[in-house]
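My entries follow in the order in which I looked.

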Amino acid sequence: MFSVTVRDHLMVAHSFRGEVFGPAQRLHGATFVVDATFRRPELDADNIVVDIGLATQQLGAVLGELNYRNLDEVPEFAGINTSTEFLAQVIADALAERVHDGALGEGARGLAGITVTLHESHVAWASYDRDLRPAR
């Protein structure tokens, strides 16, 4: 399996509900380094996994919708703990939609999957793997 990873960052504010979150139940900021890894079993006609420029651009666009926002105030996240794991899925799903819409180029339609990893720090991160292959 071939892969290409692009990187950006995201800064948000949010709070969590539940004792398991301790002091993070209060409003706090979070800065994430975000990696999006695109996978495919065979290279495309240009011998690449994905257009790195388009992948970088689209990751930035997806993150731009969340960047510098208080996620507690985003209607679609109402009542949801916007954990690192949850945000990784949100970003992966948004990238998958852009792949299917052609925003990463026609060659990207052959991608098998995307993994989005949000790095909270140098010692902790979470990922979500999204399959892009059609259901059989």
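**Entry on the model.** I recorded at the outset that this is a predicted model.

**Entry on the helix pair.** I looked up how helix α1, residues 52-64, lies relative to helix α2, residues 84-100. Their axes come within 10 Å and cross at roughly 130 degrees. That angle makes α1 oblique to α2, because angles over 145 degrees would count as roughly antiparallel and those from 65 to 115 as roughly perpendicular. I noted the crossing of α1 with α2 as right-handed.

I then asked which residues meet where α1 and α2 touch. From α1 I listed Gln-58, Leu-59, Ala-61, Val-62 and Leu-63; from α2, Ile-91, Ala-94, Leu-95 and Arg-98. By class, the contact holds seven nonpolar residues, one polar and one charged.

**Entry on helix α2.** I checked the length of α2, which has 17 residues. From first C-alpha to last, α2 reaches 24 Å, close to the 24 Å expected at 1.5 Å a residue.

I next looked up which residues of α2 are buried, and found Thr-84, Leu-87, Ala-88, Ile-91, Ala-92, Leu-95, Ala-96, Arg-98 and Val-99. As a general point, an α-helix has 3.6 residues a turn, so residues three or four places apart point the same way.

**Entry on positive phi in the loops.** I reminded myself that most residues other than glycine have a negative phi. Two residues that are not glycine went into the notebook on this account. Asn-47 has a positive phi of about 65 degrees and is found in the loop between β2 and α1. Tyr-68 has a positive phi of about 60 degrees and sits in the loop between α1 and β3 (69-70).

Are these residues buried or exposed? Asn-47 is exposed, with a relative accessible area of 58%. Tyr-68 also counts as exposed, at 62% relative accessibility.

**Entry on Glu-42.** I placed Glu-42 in the loop between β2 and α1. Glu-42 counts as exposed because its relative accessibility is 58%, and the cut-off is over 50%.

Definitions and conventions. Residues are numbered from 1 along each chain as its sequence is written. This is a predicted model: local features need pLDDT of at least 70, side-chain atom pairs count only at pLDDT 80 or more; totals for chains, interfaces and linings use all residues. Side-chain values use heavy atoms; hydrogens and water are left out. Axes are lines fitted to C-alpha atoms, for helices over the stretch in contact, and angles run from 0 to 180 degrees between N-to-C directions. Helices (H or I, at least four residues) and strands (E, at least two) are DSSP runs, numbered from the N terminus. Angles under 35 degrees count as roughly parallel, over 145 as roughly antiparallel, 65 to 115 as roughly perpendicular and the rest as oblique. A crossing is left-handed if the near helix is turned anticlockwise from the far one by less than a right angle, and right-handed if clockwise. Contact means heavy atoms within 4.5 Å. Ala, Val, Leu, Ile, Met, Phe, Trp, Tyr, Cys and Pro count as nonpolar, Asp, Glu, Lys and Arg as charged, and the others, Gly among them, as polar. The expected span of a helix is 1.5 Å times one less than its number of residues. Buried means under 20% relative accessible area, exposed over 50%, partly exposed in between (1.4 Å probe, protein chains only).
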